[in-house]
There are 2 protein chains.
Amino acid sequence: MAEVVTNLSRKEQVIRMAAELFKEKGYSAASMRDLAQKLGIEAASLYSHIKSKEEILRTLCFDMAAEFRTSLSEVEKQNVSASEKLRLGIIGHVKVMAKDLTASAVFMNEHRHLSQPWLRDFLLLRINYINRFKTIIEQGVSTGDFKKDIDTKLAVMTLFSSLNWMPGWFNPDSTIEPEKLGQQLADMLINGLKQNA
Amino acid sequence: MAEVVTNLSRKEQVIRMAAELFKEKGYSAASMRDLAQKLGIEAASLYSHIKSKEEILRTLCFDMAAEFRTSLSEVEKQNVSASEKLRLGIIGHVKVMAKDLTASAVFMNEHRHLSQPWLRDFLLLRINYINRFKTIIEQGVSTGDFKKDIDTKLAVMTLFSSLNWMPGWFNPDSTIEPEKLGQQLADMLINGLKQNA
DNA sequence: TTCTTCCACTAACAGTTGTTAGTTTTGTTC
DNA sequence: GAACAAAACTAACAACTGTTAGTGGAAGAA
């Protein structure tokens with residue numbers, strides 16, 4: 001029991017440091033010797049905790065993906081209007097990101113370095129997530145919540161672009177809470193879509 | 001004369017291929033041997049045309065930066081309202097990107113691999129460009145063109161995030177013209193800001 | 001004590017990296 | 001045909017890459 005916890009804790013420490021390194025230098029430019037140095041150990045010692053460099057990337061990417069998925073599922077359950085659903089979805093997304101900005105940055109910028117078949121799996125998860133947001137927007141259009149002449153693909157891509165670069169410029173020491181930030185972001189984006197804003 | 005043209009043309013061919021490779025695999029993961037193979041030559045032969053791998057990245061990044069700068073300067077000259085200026089600025093930005101989507105992608109995602117002092121110079125150019133957009137938004141706020149309670153930093157970051165991921169998903173074979181796309185994007189973003197939309 | 005688990009070590013591997021030096025081929029101009 | 005520049009070549013370099021094998025110490029449980 002206790003051993004397992006300790007093990008996980010050390011392994012997670014490695015993964016967390018790796019996330020920082022991957023975010024800073026990018027996955028390819030970050031070497032295992034760099035990572036080891038950050039932890040004060042030798043490169044070979046890392047392999048007591050992880051199987052490979054890519055395993056770290058996989059863990060980071062798929063763990064984040066799972067969190068986003070869970071968050072969106074919660075929102076979809078709610079019985080509210082499309083614009084409200086979109087608002088909640090955005091806030092949820094921001095909150096998940098804010099919980100681990102470093103992992104979020106890696107999730108977004110480094111996932112392409114996954115090899116097959118994980119890359120394919122990852123992209124499928126991603127397209128599914130995006131499509132569920134797209135569906136919300138389309139529902140909003142059909143119920144008259146949003147403008148009729150909206151290009152939903154453009155809208156959803158704009159939405160995700162805005163969301164996804166957040167880890168790059170959001171200051172974690174900032175006084176603004178993620179909830180509030182998500183709120184503001186949602187306001188800004190949705191009021192650009194709403195019919196009678 | 002003719003020699004110079006041929007030289008430039010071959011060098012530009014190398015740089016163009018490098019841009020494609022950097023976009024696909026990322027700067028660090030792209031090797032000079034990969035690049036050489038794409039051109040059907042040996043890796044060492046590349047050095048007849050370029051000084052170093054990083055020189056290629058520098059060329060790509062700073063050439064794009066210059067184009068963005070020029071485009072924005074044109075817009076700033078115009079004597080129009082802030083919202084119109086913003087609209088023109090966005091369209092200009094999209095048009096510059098559309099002229100070379102590959103170089104744009106490299107400009108945005110790979111610039112961090114520049115070494116000092118070029119990295120510093122690049123970031124200064126970038127912050128300057130962003131601040132000029134921010135100024136336009138602030139002007140719009142003070143003239144009543146935009147809502148008073150806007151967080152201008154958030155607004156400008158959202159704007160750039162949306163713009164900057166475009167090369168990632170925009171299809172160059174698409175029927176939609178860059179002008180039109182810029183127009184739509186501007187509409188979507190600005191109407192989220194405008195007071196009486 | 002003895003056993004076990006965790007976590008680090010040293011040494012080394014085969015392959016890849018950007019780049020250089022020096023040479024040869026190719027095509028054009030006088 | 002001689003001269004020239006552009007653009008390719010071969011061979012090699014030192015450094016760095018992710019990773020494996022085998023070892024040993026430390027801590028806690030039996």
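1. The crossing of helices α4(B) and α6(B) in this predicted model is left-handed, a label used if the near helix is turned anticlockwise from the far one by less than a right angle, with right-handed used if clockwise. Residues 82-99 form α4 of chain B and residues 118-142 form α6 of chain B, and their axes come within 8 Å and cross at roughly 155°. This makes α4(B) roughly antiparallel to α6(B); angles under 35 degrees count as roughly parallel, over 145 as roughly antiparallel, 65 to 115 as roughly perpendicular and the rest as oblique. Axes here are lines fitted to C-alpha atoms, for helices over the stretch in contact, with angles from 0 to 180 degrees between N-to-C directions. Helices are DSSP runs (H or I, at least four residues), numbered from the N terminus.

2. Who makes that contact (heavy atoms within 4.5 Å)? From α4(B) come B:Ala82, B:Lys85, B:Leu86, B:Gly89, B:Ile90 and B:His93, and among the α6(B) partners are B:Tyr129, B:Phe133 and B:Ile136. By class, there are seven nonpolar, four polar and one charged residues, where Ala, Val, Leu, Ile, Met, Phe, Trp, Tyr, Cys and Pro count as nonpolar, Asp, Glu, Lys and Arg as charged, and the others, Gly among them, as polar.

3. Next, have a look at α9 of chain B (residues 178-190), which packs with α4(B) at about 140°, their axes 8 Å apart. That makes α4(B) oblique to α9(B), and the crossing of this pair is right-handed. Residues of α4(B) including B:Leu86, B:Ile90 and B:Val94 meet residues of α9(B) including B:Leu181, B:Leu185 and B:Ile190. The contact divides into ten nonpolar, three polar and three charged residues.

4. With α5 of chain B (residues 101-109), α4(B) packs at about 110°, the axes being 5 Å apart, so α4(B) is roughly perpendicular to α5(B). B:Val96, B:Met97, B:Ala98 and B:Lys99 of α4(B) touch B:Leu101, B:Ser104 and B:Met108 of α5(B).

5. On the pair of chains: chain A can be laid on chain B by a turn of 180° and a shift of 0.0 Å along the axis, with an RMSD of 0.0 Å, the superposition being by least squares on C-alpha atoms of residues with pLDDT of at least 70 in both. That is the relation of a two-fold axis.

6. A last word on conventions. Residues are numbered from 1 along each chain as its sequence is written, and chains are lettered from A and ligands numbered from 1 in the order in which they are written. Local features need pLDDT of at least 70, side-chain atom pairs count only at pLDDT 80 or more, and totals for chains, interfaces and linings use all residues, while side-chain values use heavy atoms, with hydrogens and water left out.

Note on methods:
Helices (H or I, at least four residues) and strands (E, at least two) are DSSP runs, numbered from the N terminus. Contact means heavy atoms within 4.5 Å.
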